Structures are given as C-alpha cells and as structure tokens.
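Subject: Structure handover

Hello,

Below is the structure I said I would pass on, followed by notes on what turned up in it. Please read the notes with the coordinates open.

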Amino acid sequence: MSQEKPRSMEDRRRSSISYPVEKKKYLIPTEKSGDITVHVQGDISQQDKRATFLTVHDLGCNHYAIEDFINKPCMNEIKDRSIFIHIDAPGHEDNAEALPESKFPTLQTLGEDLVTVLDFLHVKYVVGLGEGAGANVIARFGIANPSRTLGLILINCTGSSTSVKENFRAKFVNWKGKEGSVSQSASDYLVFHKFGHQLMKEINEDKEKVVDDFLHKLRGSINLQNVKHYVNAFLNRTDLPLKNYKGDVLLITGSKGSYANVVEKLYKELDKKQTTLLRIENAGDVLSDMPGKVAQSILLFCKGQGILTSVTLPGIERQRTFSGCTFDGENRRKFFRGMSMEEYDKPNIRRFSLSPSLSTESK
C-alpha cells in the first residue's frame, strides 16, 4: 500500500482541525444476509492512500454508535486520513421495516457475507473494527477472509457461546412495551450490555446524557423487532475460533464493562505474538468513557501494520504509556524504548506487541 508523505510541522499544528468527510449510503445485496445498508465515510477512490476500516456496531444501536466515536476530536487526525465502511446489521437502518426472525442471519453468516460489501465497493483490504456483537461479526469476517484484512480491532469481543448466566438474564427480557415502545426490561438489558455493571453506582451528569442519547435513538428510529433478532443471534452464537486467524489482533475492554472477564478469557486462548489486550481502567463503555485512549491504541495498531504512519495524536511521541490502562502482549521493551521519528514511521507489524501485565493505573 502506498503511503502519504510525512507532514510538515505546520501541518501538525493543524491537528485540531477536522475537515468535512464525504459520506455515501449504499444498499448492497448479499447471498444469505439479504440487503445490507452500508455507509461509507471518506473518499473510497483514495483507498490506496488511506487506511480503510470495516466497522460493525453492537446491540441496541446502528452505525451511528461507531460513527459518533469517529467524529470525536480525538479521532480527527485518523478520520481525515481514513475511510470507514460502516455496516448496519440487517433491519437496523433508520426507520426500517420489521424483518421476520427467519430472515435474520446468524453472526457467522453475517460475518461471511461482509466480503460481498468489499467486492461491491472494490475495496482490496481493510482493518476490521467492531464492538460487542459487532466485534464477534468482524472477527468471523476476518477468519473467513484473512487475505482481505490487515488486522482486527475488537472491542468487548466474546469468544465463547452464551453462558448460563447470560441466558438467564436474557430470559426475563420483555420486548413488548406499550404501543410498540421499548419495555423497561429491554432497555435495562441493552444498557447493561453496553455500559457495564457499575453504571448505576457511578452515574453522573455526563454518563446520564450518554445513556439518555443511547435510549433516545433506540426508541426513535431503530426497529425494536430487528434489535430483538440481533440480540437473539448474539445469544445463539457459537464459539469463536479466533485462534485460527493468523493476522494481528487488538482486544479492547473496560475494567467495569459487562464483558471484561470474557475478553480476558479470550485473550488467554490466543497467540500472544499476534494478540494485544488493552484493558482500560475505570471504564465501562470505552468509546464514551475513554475515547482518547481508544484512539491512541487504534493509531498505534495501524502504525504497526504500516498504515497511518505520519499521523500523530497529542503526546503520542513523548508518552509511551497509557495512564489508567493495562497492556498484555510481547516485546514491551522494544515498544517503550525511545525511538526516532524515522524509526517510528517505519512499518513494522510487530511494533505494537507489548509484554504481559503492564499496569500504569497508579501513574
């Protein structure tokens, strides 16, 4: 992949400026998952000069959840030099008609069908980026199509089938509210899934606004029946054979998230030479709680794949640790030693490998 030229100091001083990014919407037919709504953020004709990401969202939302994160100021530098292909799960586009459950794909089927999107858009390869159920879908896409990926970034990814505890919790969800509204039990289930078990103990004005925005969009434009189908597909998932994927993987979770232990269990099963675990302390929903740390980790991962090599984020050259994070992986010393900018820009797929149990919470 060709690389953009390193920017001048003047360009770097403009890092806080984000310019409008082109966005297009497509309806792409797939073999088994039906028509999929796809939103392309960025100029896809420039894919040889840009990093290209394929994203899939979590339960209870659509592509806006990841797009909102990408539009945060901490992502400006990455966004302006990247293309994002956002997938809406079937029937999750705004104001969609209800789908029969028999027509909703499994997570495996949806993951396998996503290669059709790349073929339709004439995209060679992507970095996979998914959250929650969407991370599971992206992982299955990568396993099925390793030659089309440069790596996988998986936020709160589950590696095993549904636990007894998870099934028990979901069993008591009543999806039928009054006059088609979202029931309280359904809202509680989706909020717990996304924001974690510590949410109600530490609710504050900022967090309350984030949760209210989530529920407002859920109650407004997303078809609840199709949300239920996505939840059922997630609950009926099979074990994820991520160990079969031979590319680099970044696992991200928050210490207060609902699936922190599940993500750590998945990490233990994977090859540490190819996999890095980022555990962000004091975070449940990492995209809203700690977007800056997630942005930094995405950038470092991409630099390790030889893309976005000239992009910097505030303090990235000087700060080799992430306050309030735990990294697991190999070769920490190589990563944290001082490097010149020439070394830093040189593509090296092992650069993002870090060694076990580096905790900087006390720093």
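**Notes on the model**

At 10% relative accessibility, Phe104 counts as buried (buried is under 20% relative accessible area, exposed is over 50%, and partly exposed is in between, with a 1.4 Å probe and protein chains only). Phe104 forms an aromatic pair with Tyr230, and the pair is tilted, with 6.0 Å from centre to centre and 40° between the planes. For such pairs, ring centres of Phe, Tyr and Trp (its six-membered ring) lie within 6.5 Å; planes under 30 degrees apart are stacked, those over 60 are edge-to-face, and the rest are tilted. Phe104 sits in the loop between β4 (82-87) and α4, and Tyr230 in helix α9 (residues 224-235), so the pair ties together parts that are 126 residues apart in sequence. Tyr230 is buried as well, at 0% relative accessibility. Helices (H or I, at least four residues) and strands (E, at least two) are DSSP runs, numbered from the N terminus.

Some ground rules: this is a predicted model, in which local features need pLDDT of at least 70 and side-chain atom pairs count only at pLDDT 80 or more, while totals for chains, interfaces and linings use all residues. Residues are numbered from 1 along each chain as its sequence is written, and side-chain values use heavy atoms, with hydrogens and water left out.

**Confidence**

The average pLDDT (the predictor's confidence in each residue, from 0 to 100) is 81 for the protein, and 73% of the residues score at least 70. Residues 1-19 have pLDDT below 50, and this stretch has 38 contacts in the model beyond near neighbours in sequence; a contact means heavy atoms within 4.5 Å. Residues 317-322 also stay under 50, with 17 contacts beyond four places in sequence. Where pLDDT is low, the predicted coordinates should not be read in detail.

**Cores**

A nonpolar core here is a set of buried Ala, Val, Leu, Ile, Met, Phe, Trp, Tyr and Cys residues joined through side-chain atoms within 4.5 Å. The largest has 63 residues, and Ile85, Leu114, Leu154 and Leu242 have the most contacts inside it. Another core, of 28 residues, lies apart from it and includes Phe69, Leu250, Leu278 and Phe301. Leaving out residues up to four places away in sequence, Ile85 touches, among others, Val38, Ile44, Phe53, Leu118 and Val123.

**Other rings**

The structure holds 5 aromatic pairs. One of them joins Tyr26 and Phe120, whose ring centres are 6.2 Å apart with planes at 75°, so the pair is edge-to-face. Tyr26 is in strand β1 (residues 23-29) and Phe120 in helix α4 (residues 107-121), so parts 94 residues apart in sequence are tied together.

Lys272 lies over the face of Tyr267, 4.8 Å from the ring centre; the criterion is NZ of Lys or CZ of Arg within 6 Å of the ring centre and within 35 degrees of the ring normal. Lys194 lies over the face of Phe195, at 5.9 Å.

**Backbone and strands**

Most residues other than glycine have a negative phi. Asn95 has a positive phi of about 60°; Asn95 is in the loop between β4 and α4 and is exposed, at 63%.

Strand β6 (residues 149-155) has 6 of its 7 residues buried. Strand β5 (residues 126-131) pairs with β6 in the parallel sense over 6 bridges, where pairing requires at least two DSSP bridges.

Regards
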